[in-house]
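Dear colleague,

My notes on the findings follow it.

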Amino acid sequence: MDKSLEAQNFLDVNQQSFDELLTFVDFAEGFTIGFAENNFPAEAEIIIDFLQSHSQCEQIQLEILNFPDPDLRFLRDEIVKILPTIERDPNQKLVLILRGLEKSIGVFGDYPPMLADLNFVRDAYSTSVPHPILFILPDYAVTRVAKFAPDFWAWKSGMFRFQTTQIHREQEFNRFQEDKRNINQKLRLPEKQDRIDLLERLLQEYRPSGQTIAKENIKTCINLLCELGGAYLSRRKFIRAREYYQQALNIKIEYGDRHSQASTYHQLGIVTQELREYETAREYYQQALDIDIEYGDRYEQAATHHQLGYVAQNLREYETAREYYQQALDIKIEYGDRYEQASTYHELGRVAQQLREYEIAREYYQQALDIKIEFGDRYFQASTYHQLGRVAQDLREYETAREYYQQTLDIDIEYGDRYSQASTYHQLGIVAQELREYETAREYYQQALDIKIEF
């Protein structure tokens, strides 16, 4: 749709809110607070353009201040720093329009620092920021301001809710679907923040704060919640991932969708496993397995047996882990899923390695690597090269270990997987140290440390 037509459509749908907002901007004097609620940046731009071009605002100086820093804490201090730099027109009233604060407000957690400070220094605004302020925020952020900065919220003089047009909502949802199709799921690289922002804004559209989810939107909300869980899992934000998956599970339970609960229990198992809560992870996986067995989903059982093996492995129950992995492998072979066999061969290698069965471990790793090369899965070759390096290192074959680690590092750099590079630099440091190349070892360890500090 043409942008001018899209803007006009948005104006038509929200005519009353625009009229009320104009009145607020026109009559507000001194320190006055207003909130404009809308969920998409493109429509926030339409709101701002409307104010800047409207005849009623000709004698008003509108200043747009962006605060996208997620670590922002002292908003008033930042505004006070900016005010002297604004070139003022003495014949016009100054109105500040604030954007981007949803980043520091956040979606989860109690009393985000920015809102706690906002509430605490409320009285100081009247003297240090003696101008009307319009906050442009999405649904969830407005709700959190009201909840966690109630004293500041009580001073508001206007609350203007802008409804997303059906066409724009569908456009954004289609963009999410297109992004989903374009993502190579095998790579599992960290999700980009702009896609996460889109998912969160769409979720607010289909599940507005304080409202019951419409029946026709239940599946969409579950889908968005699971996508957000997966996105934060990919970014290693495990607490947030768990919150989204738990919300999805709660909705499935509420609406009696038992069959599909298995996949969410499985994902919750992965998240709690990453948090090293292994017993809890085992409970989630067992719930997933029970449902898969109940519904005869034998193929799905393979993935859960695999993860139960991983949990047992981390609890040093190596023989139990081997049994689970073998069950997973048997099902994958039964269904002819050669690609997925690679991950199980890899983990069987790790079990053998932990039991000091180094030659058996090397055979399993080589089987995993052969499959990954066969399918052109270069990214996942890195983890197996890394483990082959560990085996060679355990066997004191240090030059061979170094070659495997270098192959690992090359792939991680090629795919921009900076987090994984840390462990490889660390192992290269150990190899150099064993070879008495102490300065080289120090360099590798420093590179590993820098990345770990970064994350």
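The axes of α2 (residues 15-27) and α3 (residues 41-53) come within 11 Å of each other and cross at roughly 55°. Helices (H or I, at least four residues) and strands (E, at least two) are DSSP runs, numbered from the N terminus. Axes are lines fitted to C-alpha atoms, for helices over the stretch in contact, and angles run from 0 to 180 degrees between N-to-C directions.

Phe18, Leu21, Leu22 and Val25 of α2 are in contact with Ile47, Phe50 and Leu51 of α3, contact meaning heavy atoms within 4.5 Å. By class, the residues of this contact are 7 nonpolar, no polar and no charged. Here Ala, Val, Leu, Ile, Met, Phe, Trp, Tyr, Cys and Pro count as nonpolar, Asp, Glu, Lys and Arg as charged, and the others, Gly among them, as polar.

The model is predicted: local features need pLDDT of at least 70 and side-chain atom pairs count only at pLDDT 80 or more, while totals for chains, interfaces and linings use all residues. Residues are numbered from 1 along each chain as its sequence is written, and side-chain values use heavy atoms, with hydrogens and water left out.

Helix α2 lies across β1 (32-37), β2, β3, β4 and β5, at about 155° to β5, whereas α3 lies across β2, β3 and β4, at about 175° to β3. The sheet is open and has 5 parallel strands in the order β2-β3-β4-β1-β5; two strands pair if DSSP finds at least two bridges between them. Because β2 (60-66) and β5 (156-161) stand at the edges with a single partner strand each, one side of each has no neighbour in the sheet. From one strand to the next, the twist averages 20°.

Within the sheet, β2 and β3 pair in the parallel sense over 7 bridges, and leucine 65 has leucine 98 in β3 as its bridge partner. Leucine 98 also stands opposite phenylalanine 135 in β4. Strands β3 (residues 93-99) and β4 (residues 132-137) run parallel and are joined by 3 bridges. β2, helix α4 (residues 75-82) and β3 make a right-handed β-α-β unit (a crossover is right-handed if, with the strands pointing away from the viewer, the path from the first strand over the helix to the second runs clockwise).

Two further helix pairs deserve mention. Helices α14 (residues 258-274) and α15 (residues 278-294) pack at about 160°, with their axes 8 Å apart, which makes α14 roughly antiparallel to α15. The crossing is left-handed. The contact of α14 with α15 has 10 nonpolar, 8 polar and 3 charged residues.

For α16 (residues 298-314) and α17 (residues 318-334), the axes come within 8 Å and cross at roughly 160°; these helices are therefore roughly antiparallel to each other. α16 passes α17 in a left-handed crossing. The residues of the contact of α16 with α17 divide into 11 nonpolar, 7 polar and 3 charged.

Yours sincerely

Technical notes: Parallel < 35°, antiparallel > 145°, perpendicular 65-115°, else oblique. Left-handed = near helix turned anticlockwise from the far one by under 90°.
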